[in-house]
Amino acid sequence: MRKLILSELSAVIFFEPEESFLLKGIERGALRSANAQKLLDCAGINLPSENLYLELFEHDGKNILFISAAEAAEDGCAIYRFDCANDLMDAVKSVRMTVAEDDSSSLYALKEKYYLLICPPHAFKTKHLLEFGTRVNNTPSFSAYLREHGSLLSAPAALTELSKYFR
């Protein structure tokens, strides 16, 4: 078993075919199971989260396990998916007058879609954004997946930045 620490929130473990028994009970998804914790302890990896997002890949008997610490879904934090940039910009225009100075939002691109994460405190109601996009369940596994596979376009005040350019 070899490990590679990618950041303080993610790591990779490489398993040889004879070590595959160590992966029993490990599946893709968010979890903090006893099996996953034993595996991390064995590899000497300590990630600062109760929620982990695991991705296991197998090829020619060898296994690679990607591990990302998932931040707990914050109460009041909303994630919206927009199918195109025009829909995203329309949503930004609809809230530009109500964006607070303490805007806490991020924008990601993933698989030709845009994901806007709006976290408290926000000074406006976000439900009207359903006119322009789709609300996505804010789960620890999705947040980790988005952070790992998406491209961060703007943070930590994406709404403020976007509203400067798209009035």
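Start by selecting Lys 111, in the loop between β7 (104-110) and β8. The helices and strands on this tour are DSSP runs (H or I of at least four residues for helices, E of at least two for strands), numbered from the N terminus. Lys 111 has a positive phi of about 50° although it is not a glycine. Its relative accessibility is 63%, so Lys 111 counts as exposed; here exposed means over 50% relative accessible area, buried under 20%, and partly exposed in between, with a 1.4 Å probe and protein chains only.

Before you move on, note that this is a predicted model, in which local features need pLDDT of at least 70 and side-chain atom pairs count only at pLDDT 80 or more, while totals for chains, interfaces and linings use all residues. Residues are numbered from 1 along each chain as its sequence is written, and side-chain values use heavy atoms, leaving out hydrogens and water.

**Another positive phi**

Now pick Asp 60, in the loop between β4 (51-59) and β5 (62-70). Phi of Asp 60 is near 50°, a positive value in a residue other than glycine. With a relative accessible area of 65%, Asp 60 is exposed.

**The aromatic pairs**

Next, show the rings. Rings of Phe, Tyr and Trp (its six-membered ring) pair if their centres lie within 6.5 Å; planes under 30 degrees apart count as stacked, over 60 as edge-to-face and the rest as tilted. How many aromatic pairs does this rule give? The count comes to two.

Select Phe 57 and Phe 66: their ring centres are 5.7 Å apart and the planes meet at 80°, so this pair is edge-to-face. Phe 57 is partly exposed at 42% relative accessible area, and Phe 66 is partly exposed at 26%.

Then go to Tyr 115 and Phe 142, a tilted pair with 5.5 Å from centre to centre and 55° between the planes. This pair links distant parts of the chain, with Tyr 115 in strand β8 (residues 113-119) and Phe 142 in helix α3 (residues 140-149), 27 residues apart. Are these two residues buried or exposed? Both Tyr 115 and Phe 142 are buried.

**A charge over a ring**

Select Arg 2 and Phe 14. The charged end of Arg 2 sits over the ring of Phe 14, 4.9 Å from its centre. The rule here asks for NZ of Lys or CZ of Arg within 6 Å of the ring centre and within 35 degrees of the ring normal.

**Helix α1**

Ala 36 is your next stop, in helix α1 (residues 34-43). At 3% relative accessibility, Ala 36 is buried.

Select Ser 154 in strand β10 (residues 151-154). Ser 154 is buried, at 15% relative accessibility. Leaving aside neighbours within four places in sequence, Ser 154 is in contact with Ser 105, Ser 106, Leu 107 and Glu 161, where contact means heavy atoms within 4.5 Å.

Step along to the cis peptide bond that joins Ala 155 and Pro 156, with omega about 5°. Pro 156 lies in the loop between β10 and α4 (158-165).

Finish on α4, where Ala 158, Leu 159, Leu 162 and Ser 163 are buried. Viewed down the axis of α4, its buried residues fall within an arc of 120°, so they line one face of the helix; the arc is that of the directions from the helix axis to the C-beta atoms. An α-helix has 3.6 residues a turn, so residues three or four places apart point the same way. The buried residues of α4 pack against α2 (85-95), β7, β8 and β10.
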